[in-house]
Amino acid sequence: MRRVVAIIQARLKSTRLPAKVLLDLGGVTVLERCVRRVRRFRQVAEVVIATSDTPGDEIIERVGQRLGLQVIRGSENDVLARYVLAAERTKADVIVRVTSDCPLIDPEVSSLVIDRFLEDHEADYASNVMERRLPRGLDTEVMSAEALLRAHREASDPAEREHVTAHIYRRPQSFKCLSVAPPAVEDLSAHRWTLDTVDDFRFLHAVFSRMGEGADSLSIPQILDVIGDDASLLALNAAVVQKQV
């Protein structure tokens with residue numbers, strides 16, 4: 001059986017909203033909200049945090065340790081190398097990549113991506129973002145340790161060093177990539193449930209305030225019910241433009 005490890009990347013430095021993963025959502029940090037959901041992924045043997053080795057990210061290490069997670073520190077800008085280090089330290093055969101700015105990541109949706117990857121023994125990579133139908137912020141990528149190491153050896157573009165999987169999914173002729181779209185789900189790609197700007201935080205803060213104590217267990221349909229057709233709520237971050245890789 002292959003050892004599956006979920007690696008959550010986190011750091012304090014952020015261009016548009018510094019220290020965003022430590023912001024409070026209903027009495028819990030964004031990072032912890034993410035961790036709580038990732039811990040519910042099927043097939044995952046271990047969840048770890050990969051942060052940078054810069055002095056400022058010592059607080060990320062302390063938060064991770066408080067949550068009972070192994071924290072692996074590596075290059076600030078070469079996130080691909082940081083992932084390779086984390087994969088080696090945890091003896092991972094399969095890596096699930098999650099970013100810590102996704103406090104509403106859905107365990108069932110993410111587990112589906114993992115399941116599909118494990119079912120196809122020739123796959124190098126699988127994700128639910130090649131065909132985007134879900135809200136932004138539910139992104140899940142799964143790759144083999146071999147594919148990650150190969151990307152590490154081959155990638156020279158700084159963008160591909162920073163964005164970890166770009167070298168893989170940009171080369172479907174060299175890597176077998178699986179697109180995993182959730183079955184029977186309407187197109188929800190216009191929704192934005194990630195945290196990158198102040199407007200995103202205003203939206204998420206309002207949503208978590210409405211969700212209450214059961215926030216970490218709510219599914220996509222339940223979150224949609226919470227949001228409802230409240231145009232003023234949806235407008236809070238509707239104008240945010242996603243940064244391009």
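Good morning, colleagues. The structure is a predicted model, in which local features need pLDDT of at least 70, side-chain atom pairs count only at pLDDT 80 or more, and totals for chains, interfaces and linings use all residues. Residues are numbered from 1 along each chain as its sequence is written, and side-chain values use heavy atoms, with hydrogens and water left out.

Let me begin with strand 1. Helices (H or I, at least four residues) and strands (E, at least two) are DSSP runs, numbered from the N terminus.

Which strands pair with strand 1? Two strands pair if DSSP finds at least two bridges between them. Strand 1 runs parallel to strand 6, and 6 bridges join them; within this pairing, Ile8 stands opposite Val98. Strand 1 also runs parallel to strand 4, residues 46–52, through 5 bridges, and there Gln9 stands opposite Ala50.

On a 1 Å grid over the protein atoms alone, a pocket is an open set of points with protein on both sides within 12 Å along at least five of seven lines, whereas a cavity is a set where a 1.4 Å probe fits but cannot get out; lining residues have an atom within 4 Å of a point. Grid points are joined across faces, edges and corners, and a volume is the space filled by probe spheres set on the points.

The largest pocket has a volume of about 1,200 Å³. Its lining consists of 38 residues, and those nearest the centre are Arg97, Thr99, Asp101, His163 and Gln242. Two elements give two or more residues to this lining, namely helix 3 (79–89) and strand 6 (94–99). Strand 6 supplies the largest share, 3 residues. What is the make-up of the lining of the largest pocket by class? There are 16 charged, 12 polar and 10 nonpolar residues. In this classification Ala, Val, Leu, Ile, Met, Phe, Trp, Tyr, Cys and Pro count as nonpolar, Asp, Glu, Lys and Arg as charged, and the others, Gly among them, as polar.

The second largest pocket holds about 200 Å³ of space. Its lining includes Arg136, His191, Trp193, Phe203 and Gln242. By class, this lining divides into 6 nonpolar, 4 polar and 2 charged residues.

I turn now to the aromatic rings. Rings of Phe, Tyr and Trp (its six-membered ring) pair if their centres lie within 6.5 Å; planes under 30 degrees apart count as stacked, over 60 as edge-to-face and the rest as tilted. The whole structure contains 1 aromatic pair. Tyr125 and Tyr169 form this tilted pair, at 6.2 Å centre to centre and 45 degrees between the planes. The pair links distant parts of the chain, 44 residues apart, with Tyr125 in strand 7 and Tyr169 in helix 7. Tyr125 is buried, at 0% relative accessible area, while Tyr169 is partly exposed at 29%.

Another ring has a charge over its face. This term applies if NZ of Lys or CZ of Arg is within 6 Å of the ring centre and within 35 degrees of the ring normal. Arg150 lies over the face of Phe175, at 4.1 Å from the ring centre.

Finally, some individual residues. Ala19, in the loop between strand 1 and strand 2, has a positive phi near 60 degrees although it is not glycine. Ala19 is partly exposed, with 28% relative accessibility. Gln43 likewise has a positive phi, near 75 degrees, and belongs to the loop between helix 1 and strand 4. The relative accessible area of Gln43 is 45%, so it counts as partly exposed.

Asp196 sits in the loop between strand 9 and helix 8 and is buried, at 10% relative accessibility. Asp196 and Lys176 are 20 residues apart in sequence, and their C-alpha atoms are 30 Å apart in space.

Thank you for your attention.

Definitions and conventions. Buried means under 20% relative accessible area, exposed over 50%, partly exposed in between (1.4 Å probe, protein chains only).
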